[in-house]
Every structure is written in structure tokens, then in C-alpha cells.
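The stops below go from the whole chain to single side chains.

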Amino acid sequence: MTICQAESQTPFDHEPPRLPPPDHDQTEAPQPDPIHIYVACLAAYNNGHLHGEWLNVTDEASIWEAVQAMLFASPIDEAEEWAIHDYEGFEGAEVGEYYSFANVVELADFIRERGELGAQVLNYYGGNIEDAKARFDEYAGEYDSLEAYAEELTEQTGETIPERLAPYIDYKAMAHDYEQSGDFLTFEVGSSVHIFWAH
């Protein structure tokens, strides 16, 4: 949503303040960075003020409580409306400006469980979290390549391949056929390929 300011207002920096870098204890293994959203007061925003709060996404009740406190402290009296103007830690998954906090918490829980792969699958389904969750029922595994998966599938058929013929099996061509068939979905995370059955 684009919010227009009155022409008489002085332009202001509408970017939310940046979060400070995490302060990891050097004696402990670094923990995953928390998932945050920046919730802004719209009444303040419309009047040229930047007023909002970075919040950890934990549970819906805690977020509501923090947002009510933020609105109460707004420079605009009786402020009631809010919007999510920024977010961090969602691994590339998108958070809508007017997502409900229930949706944000569900999304954060999904990302904590599935990580960057979950975010890629979610984006593939246009943000439909139910479709993304269901796709993991068809998860085939993590491999170095689709070619490596083709080789494993061939071995799983139980057919004995004569050792002298094994070097002549073109797993690369098989992987290409898999890609063209539409029977698989693949997502790259780092140096690995995550494979899902597409049926």
C-alpha cells in the first residue's frame, strides 16, 4: 500500500531503523538469529513521523501486547492502525504489510522448522503456506545433484547392473529426462539439491 503525504509536510526518512548486529557469546555456538518484524504506527507515518517497534516473532499474544504499547506511545493521539513495514529472518519468504499476526507467527514457525528450503517452497506456491507444508509430504531428499538421485533410483530398482556396463549408464541424461517430465520439483540450497515428487 502506498501512503501519500500532504504536500505541505516536510519529507522524512521512512526507512525503519536497522537492528543492531546480534551479540553472540564467543564461548558458545552462535544461535540462529531471531525472526523479527517492524510494526509501524500508520497515524504517525501519515503525519510525517517514524514511530514503530522491532518485535521478535514468538506468539500472537505477545506481538499484540507490544503493538498496543507502541500505539499508546505514538506521537499521534488515539492511534489505532498499524502495518508491517519491514522484517528480518524469514529466509527470503515474503511478509505482507497487512498480514495478521497469526499468519506471521505461523510463517515464522514454518521457517524455523524448514529454513531457507521452506522459504523457497513457500515462494514457489505464491505464499500459500498450506500448499508449502503439503509439498514436504512428497520430499525425496537432499542430494549433490539430480544426477545423483537418478543413480540412486536406478540402484533401488533391484536390477543387477553388470559391472562392465555400469560406466555406460548416462545418469546425466536420466536427470535431464526427470527435469523435462515434470515428475519432480527441485530447489537448490547452498551446494545441495532438494528433490520433491511432483505428483
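**The whole chain**

Start with everything selected: of the contacts (heavy atoms within 4.5 Å) in the protein between residues at least 6 apart in sequence, 56% join residues at least 24 apart. This is a predicted model, in which local features need pLDDT of at least 70 and side-chain atom pairs count only at pLDDT 80 or more, while totals for chains, interfaces and linings use all residues. Residues are numbered from 1 along each chain as its sequence is written, and side-chain values use heavy atoms, with hydrogens and water left out.

Switch to a cartoon view. The protein has six helices and six strands, taken as DSSP runs numbered from the N terminus (helices H or I, at least four residues; strands E, at least two). Followed from the N terminus, the order is β-α-β-α-β-α-α-β-α-α-β-β.

Now show the surface. Of the 199 residues, 35% are buried (buried is under 20% relative accessible area, exposed over 50%, partly exposed in between; 1.4 Å probe, protein chains only).

**Confidence**

Colour by pLDDT, the predictor's confidence in each residue, from 0 to 100. The protein averages 85, and 81% of the residues score at least 70. Next select residues 1-12, where the pLDDT is below 50; this stretch has 14 contacts in the model beyond near neighbours in sequence. Where pLDDT is low, the predicted coordinates should not be read in detail.

**Salt bridges**

How many salt bridges does the structure hold? There are three, each a side-chain nitrogen of Lys or Arg within 4 Å of a carboxyl oxygen of Asp or Glu.

Select Lys-133 and Glu-106, whose side chains meet in a salt bridge at 3.1 Å, N to O. Lys-133 belongs to helix α4 (residues 129-135) and Glu-106 to helix α3 (residues 101-124), so the pair ties together parts 27 residues apart in sequence. Lys-133 is partly exposed at 34% relative accessible area, and Glu-106 is partly exposed at 25%.

Move to Asp-109 and Arg-112, a salt bridge with its closest N and O atoms 3.1 Å apart. These two are three residues apart in helix α3, about one helical turn. Asp-109 is partly exposed at 40% relative accessibility, as is Arg-112 at 45%.

Finish at Glu-113 and Arg-114, where the closest N and O atoms of the salt bridge are 3.8 Å apart. Glu-113 is exposed, at 58% relative accessible area, whereas Arg-114 is partly exposed at 33%.
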